[in-house]
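I opened my notebook for a first look at this structure. Here is what I looked up, entry by entry.

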Amino acid sequence: MTTATSARLLRLLSLLQARRDWPGADLADRLRVDVRTVRRDVERLRELGYPVHATPGVAGGYRLGAGAALPPLLLDDDEAVAVAVGLRTAANGTVSGIEETSVRALAKLEQVLPARLRHRVTALNTAMIPLGGVVPVIDAEALTVIASACRDHQRLRFGYRSHNGEVTERSIEPLRLVHTGRRWYLVAFDLDRDDWRTFRVDRVDGVPDTSFRFTPRKPPAEDLAAYVSRGITSAPYPHQMVLRVSASADALAEYVAPTAGTIEAIDEHTCRVRVGTNDLSVLPYYLAHWDVDFVVEEAPDEVKERLRLVADRFARSVV
């Protein structure tokens with residue numbers, strides 16, 4: 001086998017690991033060879049023990065399947081650093097059941113990391129300090145099942161606990177997992193309610209059951225992170241408001257976390273933010289710490305009255 005062929009095989013393996021299904025013509029285009037060469041290279045990978053399956057269709061395609069043993073993974077520099085940092089984070093126990101295995105996997109990975117990447121990983125971990133506090137810990141198996149169902153378009157059924165502890169059975173078509181930094185959320189179409197819903201993964205009761213595959217629906221929004229942020233920051237709260245803020249979206253993001261409000265840029269000096277709260281008494285003081293000017297565009301009368309009351313109280317305090 002020539003050096004060029006070996007390099008092409010490694011490139012082919014990397015492509016097969018990056019996406020679930022590949023049409024043969026697309027692989028040929030990426031590798032700059034003809035389809036016949038792709039077929040020969042696929043056979044070589046099979047001889048080396050990689051389970052490359054043919055996929056049905058007029059054009060024909062390929063998929064890297066699961067084998068009896070885990071084949072070597074090909075990672076570029078950025079992917080290797082991301083995996084190493086992720087394993088160190090997982091070893092701290094944010095996902096239950098994978099702490100020890102994360103440490104073992106990290107030891108194997110760092111053993112083969114080039115020195116230049118090991119220094120990058122060390123620098124990143126040195127710079128990161130965990131804040132602590134109570135962070136919901138989720139089951140690793142449940143998270144893996146949900147992620148696989150999102151990828152493979154498989155329906156899920158699970159018990160879901162509400163904020164008051166009531167458990168209901170949910171049958172859903174999963175779309176994407178979104179991580180806010182403290183919690184995992186699942187965006188899915190709820191079949192019983194015939195609408196899109198956002199589920200907190202730490203409230204899923206046990207490991208979900210998978211069933212048959214479905215045809216994906218049109219997502220509820222192009223930006224799913226913003227969609228989740230809207231759903232968990234203002235929609236659940238009885239008191240909501242929209243503000244026009246005299247600051248850029250990037251500047252305001254220093255004060256408003258994705259789980260606290262949704263920010264929309266208007267121009268380079270102005271943005272719009274939507275926030276909500278259960279307790280009107282804390283809202284004025286939360287807004288005050290932003291240290292920027294703003295105008296209330298939308299708010300219930302009780303919210304406006306509360307802001308006026310607090311503003312008058314502070315004005316009277318200065319003589």
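Entry one, the core. I kept in mind that this is a predicted model. I looked up the largest nonpolar core, which has 17 residues. Those touching the most other members are Met241, Leu243, Val245, Leu252, Val273, Leu287 and Trp290. I then checked which elements supply at least two residues each to this core: strands S11 (239–245) and S13 (270–277) do, and so do helices H9 (249–252), H10 (283–288) and H11 (301–317).

Entry two, Met241. I set aside its neighbours within four places in sequence and listed its contacts. Among them are Val273, Val275, Leu283, Leu287, Val303 and Leu307.

In what order do the four strands of the open sheet run? I read S12-S13-S11-S14, with antiparallel pairing. Strand S12 (261–267) and strand S14 (294–298) are the edges, each pairing on one side only. From one strand to the next, I noted a twist that averages 25 degrees. S11 and S13 pair in the antiparallel sense over seven bridges, and His239 has Thr277 in S13 as its bridge partner. H11 packs on the sheet and touches S11 and S14, with its direction at about 60 degrees to that of S11.

I found Asp190 in strand S8 (residues 184–190). Is Asp190 buried or exposed? Asp190 counts as buried because its relative accessibility is 0%. A polar atom of the Asp190 side chain lies 3.1 Å from the backbone nitrogen of Asp192. Beyond its neighbours within four places in sequence, I listed Asp190 in contact with Arg170, Ser171, Ile172, Asp195, Arg197 and Phe199.

Methods:
Residues are numbered from 1 along each chain as its sequence is written. This is a predicted model: local features need pLDDT of at least 70, side-chain atom pairs count only at pLDDT 80 or more; totals for chains, interfaces and linings use all residues. Side-chain values use heavy atoms; hydrogens and water are left out. Buried means under 20% relative accessible area, exposed over 50%, partly exposed in between (1.4 Å probe, protein chains only). A polar contact is a pair of N or O atoms within 3.5 Å; within protein, one must be able to donate a hydrogen and the other to accept it, and residues adjacent in sequence count only if both atoms are side-chain atoms. Contact means heavy atoms within 4.5 Å. A nonpolar core is a set of buried Ala, Val, Leu, Ile, Met, Phe, Trp, Tyr and Cys residues joined through side-chain atoms within 4.5 Å. Two strands pair if DSSP finds at least two bridges between them. Axes are lines fitted to C-alpha atoms, for helices over the stretch in contact, and angles run from 0 to 180 degrees between N-to-C directions.
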